[in-house]
Amino acid sequence: MESFDEPAKQDKVDLGWIEWLKGWYNLVLETFFEKYWSRHLPTPFPLPPLNGITAIVTGSTSGIGLETARQLAEAGAHVVMAVRNPIAARKLARKWNQELRKKYRWEVLKIDVMKLNLSSFESVARFADAWNSKNKPLNILINNAGMFSMGKSQMFTVDGYEMHMQVNFLAPALLSLLLLPSLKAGAPSRILNVNSLMHAIGFVDTRDMNFDRKITKFSSLRAYSSSKLAQVMFNNVLHQSIPKDVKINVMCVNPGSVRTNVARDLPRIVQALYKTLPTFLYTAKEGARSVMYAAVYDEIWEYCEKLKNEEWPVCAYVACNCTTMSPSKEAQNLDISRIVWKRTLDIIGFPNDAVNFLLSGKKIRWRYSNFVAKISG
């Protein structure tokens with residue numbers, strides 16, 4: 001395992017009280033006012049015909065991912081459900097087809113199911129190799145799968161990285177890079193990362209990104225928020241690294257505060273308070289609106305192109321009410337973004353010019369090269 005925690009130059013050692021309070025202030029506003037801000041948006045969100053479009057949606061057996069996969073498929077897209085539990089995904093696909101046939105007798109949804117476990121880099125390599133070997137264009141990659149083990153103790157993946165950091169950031173980053181050849185073949189194409197406004201209370205300490213050197217005290221909240229911040233930072237550099245003429249745009253999306261079961265591990269009194277929030281929180285269908293808006297609507301593509309043409313160094317960010325917004329001030333820290341980018345490439349064993357290699361179709365040797373060759377042969 002490559003070190004995630006070699007010494008790095010970093011002037012700041014914490015987010016700072018003003019930025020931290022501002023982040024919490026915005027989170028509270030979102031929690032209680034997101035439904036008001038988005039009262040003009042219909043549910044489910046209307047989509048244009050998507051025949052001929054192929055989309056990969058990770059984590060699509062529950063929550064926002066489920067709603068996104070279903071609605072994209074119902075709009076005519078070929079949807080690949082990239083999931084840990086293929087059996088559950090196939091059951092959902094059959095159910096959706098049965099419901100569709102009750103309305104339109106001969107309609108069949110174009111859905112494939114492929115196994116993907118983001119807590120294993122080998123699984124990511126296996127998935128990407130299997131897809132790229134099909135030689136089919138990919139138009140939309142939606143990195144939706146994520147985790148927030150609220151209240152739980154620290155956990156590490158089989159690869160040795162903190163669970164939130166790998167599942168929410170490192171593995172989706174690796175997947176995005178490995179699928180660049182298919183995304184280029186499907187251009188104009190989009191890489192969409194389901195983020196969170198909680199990135200605004202996060203801080204990436206490049207001295208201890210894995211929370212194992214004890215420089216940064218671990219908590220699930222700190223791990224989650226820093227993984228979401230790292231995701232934006234990495235995609236800032238990916239956004240800059242993809243040439244304009246390739247026509248692959250990168251963005252992050254805040255789906256809003258959505259009802260989940262993350263509070264199940266908290267004390268009962270906290271769970272009781274949490275149960276009062278559904279009045280204000282989005283349902284999964286409502287949370288999926290900004291994701292689908294970013295994935296298929298032309299105005300977001302035009303916005304991304306504008307950022308490219310102006311050489312804006314920060315990737316596009318879409319708010320929960322289907323408007324564009326700027327991520328937090330810390331997310332726009334380009335010095336730390338470049339360190340996060342370099343560390344990520346070092347971890348997965350990619351050379352610094354990996355994007356150019358992958359887009360040119362050249363083979364590169366990296367940490368799992370032999371593994372991929374073995375399972376492909």
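I began with N135, which I found in the loop between α4 (121-132) and β4, where helices (H or I, at least four residues) and strands (E, at least two) are DSSP runs numbered from the N terminus. I kept in mind that this is a predicted model, in which local features need pLDDT of at least 70 and side-chain atom pairs count only at pLDDT 80 or more, while totals for chains, interfaces and linings use all residues. I also noted that residues are numbered from 1 along each chain as its sequence is written, and that side-chain values use heavy atoms, with hydrogens and water left out.

**Backbone angles.** I looked up phi for N135 and found a positive value of about 55°, although N135 is not a glycine. Most residues other than glycine have a negative phi, and most peptide bonds are trans. Is N135 buried or exposed? I noted that N135 counts as exposed because its relative accessibility is 70%; buried means under 20% relative accessible area, exposed over 50%, and partly exposed in between, with a 1.4 Å probe and protein chains only. I then turned to F211, a residue other than glycine whose phi is also positive, near 55°, and which lies in the loop between β5 and α7 (220-241). F211 has 4% relative accessibility and therefore counts as buried.

**Cis peptide bonds.** I found a cis peptide bond between T43 and P44, with omega about 0°, and placed P44 in the loop between α1 (17-37) and β1. A cis peptide bond also joins A187 and P188, with omega about 5°, and P188 lies in the loop between α6 (180-185) and β5 (189-194).

**The sheet.** I traced an open sheet of 7 strands in the order β3-β2-β1-β4-β5-β6-β7, with parallel pairing; two strands pair if DSSP finds at least two bridges between them. Because β3 (111-115) and β7 (316-318) stand at the edges with a single partner strand each, one side of each is left without a neighbour in the sheet. Neighbouring strands of this sheet are turned by 20° against each other on average, direction ignored; axes are lines fitted to C-alpha atoms, for helices over the stretch in contact, and angles run from 0 to 180 degrees between N-to-C directions.

I next followed strand β2 (residues 78-83), which is joined to β3 by 5 bridges and runs parallel to that strand, and I saw that V79 stands opposite I111 in β3. Helix α2 (residues 63-74) packs on the sheet, touching β1 (54-58), β2, β3 and β4 (140-143), and its direction makes about 165° with that of β1; contact means heavy atoms within 4.5 Å.
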